[in-house]
Every structure is written in C-alpha cells, then in structure tokens.
Amino acid sequence: HNERDLAIYKIAIKKWLKNEERLKYPDLPENLKTHKNQKSFLDRYKVVDPNGYSHTMVAHISKDGHHYIYPDTKQVRSLSVREAARIQSFSDDYFFEGGRSAAFRQIGNAVPPLMAKEIANKIREKLWLIGTYWNMIIEYRRFCKLNKFNQIHNFSQFDNLHWLISR
C-alpha cells in the first residue's frame with residue numbers, strides 16, 4: 001500500500017473502532033482525496049468488523065484492499081489472502097492457484113465452502129426424499145402385480161412429492 005492509502009486506512013480503522021462508523025469518501029481530508037466524485041461509491045473504505053460478521057467478500061478484493069481493511073491501528077493494512085480465505089470458510093491448507101491477485105479473485109468468486117456443503121446436504125436430502133417417494137410407488141405397483149390386484153391409479157396417498165420437495 002502507498003502512504004496515502006495507509007493514512008486513509010488508519011482514519012477508517014479509528015472511526016470504526018471508536019463508533020462502529022464507516023468512513024465516507026467526502027469525510028476524508030482534502031489532501032487524501034484523489035477525485036471529485038463525492039456522490040457515488042462513498043463507502044469504498046471498509047474495516048472488517050472484528051467482533052461480528054464480515055461484509056460480503058467479492059472478487060474486487062484482487063484490485064485493491066480498500067473494502068477489506070484489517071481492524072487494528074497497529075497493523076494498518078488490508079486483509080491477507082489467508083485472512084480473506086478464513087472469512088470465506090476455506091480451510092488453512094486450501095491451496096489457491098496463481099499469485100495474490102488470482103487467489104483473491106478465487107476467494108471473492110467462490111461460494112464459501114461451508115455454505116456450499118450445507119446447500120449440497122439440503123439437495124441430497126431432497127433427492128433422497130424424492131427417491132423414497134418413487135421407490136414407494138414402484139414397490140406398490142410390484143405388490144399389486146404379484147398379488148394380482150388391480151392397480152389403483154389414484155396415488156393420493158403417495159402424492160406427497162410436492163410436499164416433500166417444498167419442505
């Protein structure tokens with residue numbers, strides 16, 4: 001980071017740690033501003049909350065760390081690749097291909113692994129329920145055929161597919 005960025009980070013960290021308030025671009029001292037746009041993307045400098053949830057991790061972290069400032073005035077910097085990976089729930093032994101920017105892009109573009117695991121578990125659970133439903137119908141039809149019963153075409157007792165899927 002350059003000196004200007006570090007000075008801005010320090011202001012942002014102090015503001016966050018004191019009042020849990022975000023630094024807005026118009027609030028910067030004039031000597032730290034680099035453009036005149038005071039109306040859009042005002043929250044470009046964000047300190048990660050050390051006591052709560054992180055804001056959304058996005059691939060833009062690979063461009064600059066302004067949106068992911070480490071919350072300590074003794075370590076004025078943006079997050080490291082490993083810290084960003086931990087926030088996204090990657091294990092410490094996970095290897096990212098390429099350099100620092102490539103790793104940040106992979107982290108920012110990823111579905112967090114723990115979230116992906118929970119989504120996959122729910123999909124597997126629903127597929128198991130659907131499979132159970134179809135197995136019941138197949139077994140019922142087999143039972144009717146073996147016992148020379150006329151098959152009842154009203155499967156109302158089995159018409160719980162919608163119910164199973166929607167839960």
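Let me begin with a term: a residue is called buried when its relative accessible area is under 20%, exposed when over 50%, and partly exposed in between, using a 1.4 Å probe and protein chains only. The structure before you is a predicted model, in which local features need pLDDT of at least 70, side-chain atom pairs count only at pLDDT 80 or more, and totals for chains, interfaces and linings use all residues. Residues are numbered from 1 along each chain as its sequence is written, and side-chain values use heavy atoms, with hydrogens and water left out.

I turn to helix α1. Helices here are DSSP runs of H or I with at least four residues, numbered from the N terminus. Helix α1 covers residues 3-19, 17 residues in all. From its first C-alpha to its last it reaches 24 Å, close to the 24 Å expected at 1.5 Å a residue, where the expected span is 1.5 Å times one less than the number of residues.

Which residues of α1 are buried? They are D5, I8, Y9, A12, I13, K15 and W16. Seen down the axis of α1, these buried residues fall within an arc of 165 degrees, so they line one face of the helix; the arc is that of the directions from the helix axis to the C-beta atoms. In general, an α-helix has 3.6 residues a turn, so residues three or four places apart point the same way. On the other side of α1, E3 and K18 are exposed.

Both ends of this helix deserve a remark. At the start of α1, a side-chain oxygen of N2 comes to within 3.1 Å of the backbone nitrogen of R4. Just after α1, E20 adopts a positive phi of about 50 degrees.

Next, the interior. A nonpolar core is a set of buried Ala, Val, Leu, Ile, Met, Phe, Trp, Tyr and Cys residues joined through side-chain atoms within 4.5 Å. The largest such core has 13 residues, of which M57, I61, Y68, V81, A84, F96 and I107 touch the most other members. Helices α2 (81-87) and α3 (100-109) each supply at least two residues of this core. A second, separate core of twelve residues includes L23, Y45, V47 and I69.

Finally, consider H55, in the loop between α1 and α2. Is H55 buried or exposed? H55 counts as buried because its relative accessibility is 14%. The side chain of H55 reaches the backbone oxygen of H67 at 2.4 Å.

Definitions and conventions: Polar contact = N/O pair within 3.5 Å; in protein donor to acceptor, adjacent residues only side chain to side chain.
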